[in-house]
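Here are a few notes from a pass over this one. Have a look at the model first, then see whether you read it the way I do.

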Amino acid sequence: MSSKKSKAIPFIAGFFVLILLAGFSLGLRTVIEFDAVNAQMRTSKFLFLKLPISIHKQELWFADGTQPVTPIDWQLMHEFHHSATGSKLDHTHWGAFADTVILWGDLDLEPDLKSYLANRTREMMKSDEQVKAKRIYARRIDGQLRFHLENAETPLTIEALDTIIKDAFAKPIDGEASMLRDGP
């Protein structure tokens, strides 16, 4: 009986490897989604393009610590499709926006300044503006924030941060909006 079992193990292992190779040749897909309301990000990996093999959720630095609002409204950020024919990548406006504001968590800000920026970031995400406009505002804030942190003789204060944010919203966005593609 054990000799039949030992002969079957290589066939089972070979079949498993064959299934994995077929899955990778048909496509491995990674989907990164963003929940603007709850400040969460979810990364899902799929084999055979549809079979989930891993899901990872994380709260982002600007989450307010309350329980998530249900149902969670996931928005596509990026989708990577890897197959034997080559890799394909889809970005969205939400992805470009989220990529910008997520990186603000890595800035070396004082806790009260970081808290203020988190509150203003949540306000911007929950506003009725189009995603394209939010993306432009986030890029403006990011540029000025990083410039100030690298070049200022005085440390960044809440008043200075508030001025940067107000200035980003004060200028019209028409010129910058025309440079961004329409769509998701």
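1. Surface first: the accessible area of the protein is about 11600 Å², and carbon and sulfur atoms account for 59% of that. Keep in mind that this is a predicted model. Of its 184 residues, 37% count as buried.

2. On the overall layout, the protein has 6 helices and 5 strands. Going along the sequence, the order is α-β-β-β-β-β-α-α-α-α-α. As for contacts between residues at least 6 apart in sequence, 59% of them join residues at least 24 apart.

3. Helix α3 deserves a look. It covers residues 111–126, 16 residues in total, and spans 23 Å from its first C-alpha to its last, close to the 22 Å expected at 1.5 Å a residue.

4. Which residues of α3 are buried? The list is L113, Y116, L117, A118, R120, T121, R122, M124 and M125, so you'll find two arginines in there, R120 and R122. The cover over these buried positions includes β1 (28–35) and α2 (93–102), along with α4 (131–151) and α5 (158–170).

5. Back on the outside, F16, V17, L20 and L21 make up a nonpolar surface patch. Together they have about 380 Å² of accessible area. One of them, L20, sits in helix α1 (residues 2–26). Is L20 buried, partly exposed or exposed? Its relative accessible area is 30%, so L20 counts as partly exposed.

How values were computed: Residues are numbered from 1 along each chain as its sequence is written. This is a predicted model: local features need pLDDT of at least 70, side-chain atom pairs count only at pLDDT 80 or more; totals for chains, interfaces and linings use all residues. Side-chain values use heavy atoms; hydrogens and water are left out. Helices (H or I, at least four residues) and strands (E, at least two) are DSSP runs, numbered from the N terminus. The expected span of a helix is 1.5 Å times one less than its number of residues. Buried means under 20% relative accessible area, exposed over 50%, partly exposed in between (1.4 Å probe, protein chains only). Contact means heavy atoms within 4.5 Å. Accessible areas come from the Shrake-Rupley method with a 1.4 Å probe; for residues, only the protein chains shown count as cover. Patches are made of residues with over 30% relative accessible area and no salt bridge: like charges are joined within 9 Å, nonpolar side chains (Val, Leu, Ile, Met, Phe, Trp, Tyr) within 5 Å. A salt bridge is a side-chain nitrogen of Lys or Arg within 4 Å of a carboxyl oxygen of Asp or Glu.
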